[in-house]
Amino acid sequence: MPDRNLRIVLASRPVGPPSPDNFRIEQAPVPSPGEGQVLLKILYLSLDPYMRGRMSAAKSYAAPVEIGQVMEGGTVAEVLESRHPGYSPGDLVLSHSGWQTHALSDGAGLRKLDPAQAPVTTALGVLGMPGFTAYAGLLTIGQPKPGETVVVAAASGPVGATVGQIAKIKGARAVGIAGGPEKCALVRDAFGFDAVIDHRSPTFAEELRAACPDGIDVYFENVGGKVWEAVFPLLNPFARIPVCGLIAQYNATGPFEGPDRLPVLMRDVLTKSLTIRGFIQREFQAQRPAFYREMAQWIAEGRVRYKEDIVLGLENAPEAFIGLLEGRNFGKLIVQIA
């Protein structure tokens with residue numbers, strides 16, 4: 001059995017973009033499982049934008065990580081030792097063990113994984129929280145109809161890519177927004193979007209308008225910022241806007257720049273009968289069985305594809321996470337620990 005647990009803790013709260021100084025690598029003894037517990041060896045760690053919010057003490061929908069605590073995150077792990085009747089050594093499980101190499105669990109929240117059905121890393125991406133965010137948010141709030149136009153930003157990422165492909169399955173037209181020629185090519189060629197626009201283009205707003213000649217019926221919001229500003233004038237009456245993230249604003253400090261656009265927003269919410277609905281994916285837990293069934297089928301049929309960006313070594317997690325917030329990742333960002 002290993003004798004040291006490598007872990008990354010929150011050293012300080014960032015002001016603006018996170019820096020390496022906000023993290024600290026520590027070593028601690030590997031804990032021994034008590035009655036009803038299992039000892040997990042973490043194999044893969046998911047890095048996701050929501051983690052930036054956990055680094056802040058600001059009021060949010062979830063409690064922040066405290067200074068000195070292990071950074072939180074979804075993981076794929078192997079059971080090393082078990083004193084729990086439901087688990088045996090060698091079992092592979094989805095857990096929420098955070099940024100460390102080993103963890104104890106009482107079994108709550110664990111889900112067994114079958115590598116014969118799908119690569120276990122997909123439990124952190126297309127068959128995990130990001131995929132479920134896309135599935136539940138688009139189908140429950142967006143409700144795309146055949147022939148409608150669905151637009152999603154960060155379209156090369158795990159949520160955006162899945163949103164667009166589900167929209168296509170439902171008969172809608174998918175328009176993606178991504179950063180740079182390589183990501184745009186992935187969205188168009190691998191994920192099969194009908195159109196993709198580079199948000200770095202100096203004529204981004206004009207190109208988006210040209211790609212949406214009939215306006216926008218569903219905008220899946222996960223970015224905010226200048227992307228929202230380009231989308232907003234194109235929203236059709238009765239457009240639906242599921243809001244799952246605002247990554248362009250996560251590092252903001254103090255008041256936002258520019259004029260107050262709230263009166264314009266509220267006017268159009270009224271006159272266009274817009275539906276804007278923020279959500280956290282756990283609100284839709286009852287849909288998970290349907291999600292696992294349908295998504296597995298769509299992947300097997302080749303109707304949903306995915307891309308993973310795997311970084312080697314837990315010690316590289318902080319720099320990879322910083323890059324995620326800057327858009328440097330190319331696909332679902334995962335740290336391979338063992």
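This is a predicted model: local features need pLDDT of at least 70, side-chain atom pairs count only at pLDDT 80 or more; totals for chains, interfaces and linings use all residues.
Leaving aside residues up to four places away in sequence, Glu 221 is in contact with Trp 228, Ile 241, Pro 242, Val 243, Cys 244, Gly 245 and Leu 246.

Cys 244, one of these contacts of Glu 221, is partly exposed, with a relative accessibility of 27%. Its sulfur is 18 Å from the closest cysteine sulfur, that of Cys 212, and is therefore too far away for a bond. Cys 184 is buried, at 6% relative accessibility. The closest cysteine sulfur to that of Cys 184 is also in Cys 212, at 14 Å, which is too far for a bond. A disulfide requires two cysteine sulfur atoms within 2.5 Å, and by this rule the count of disulfides is zero.

Strand E9 (residues 173-178) is largely enclosed by the rest of the structure, because five of its six residues are buried. Strand E8 (residues 149-152) runs parallel to E9 and is joined to E9 by four bridges; Val 151 has Val 175 in E9 as its bridge partner. Together with helix H3 (residues 158-169), E8 and E9 form a right-handed β-α-β unit.

E9 is also joined by four bridges to strand E10 (residues 195-198), again in parallel. Here Ala 178 stands opposite Asp 198 in E10. A right-handed β-α-β unit is made by E9, helix H4 (residues 181-190) and E10.

Key: Residues are numbered from 1 along each chain as its sequence is written. Side-chain values use heavy atoms; hydrogens and water are left out. Contact means heavy atoms within 4.5 Å. Buried means under 20% relative accessible area, exposed over 50%, partly exposed in between (1.4 Å probe, protein chains only). Helices (H or I, at least four residues) and strands (E, at least two) are DSSP runs, numbered from the N terminus. Two strands pair if DSSP finds at least two bridges between them. A crossover is right-handed if, with the strands pointing away from the viewer, the path from the first strand over the helix to the second runs clockwise.
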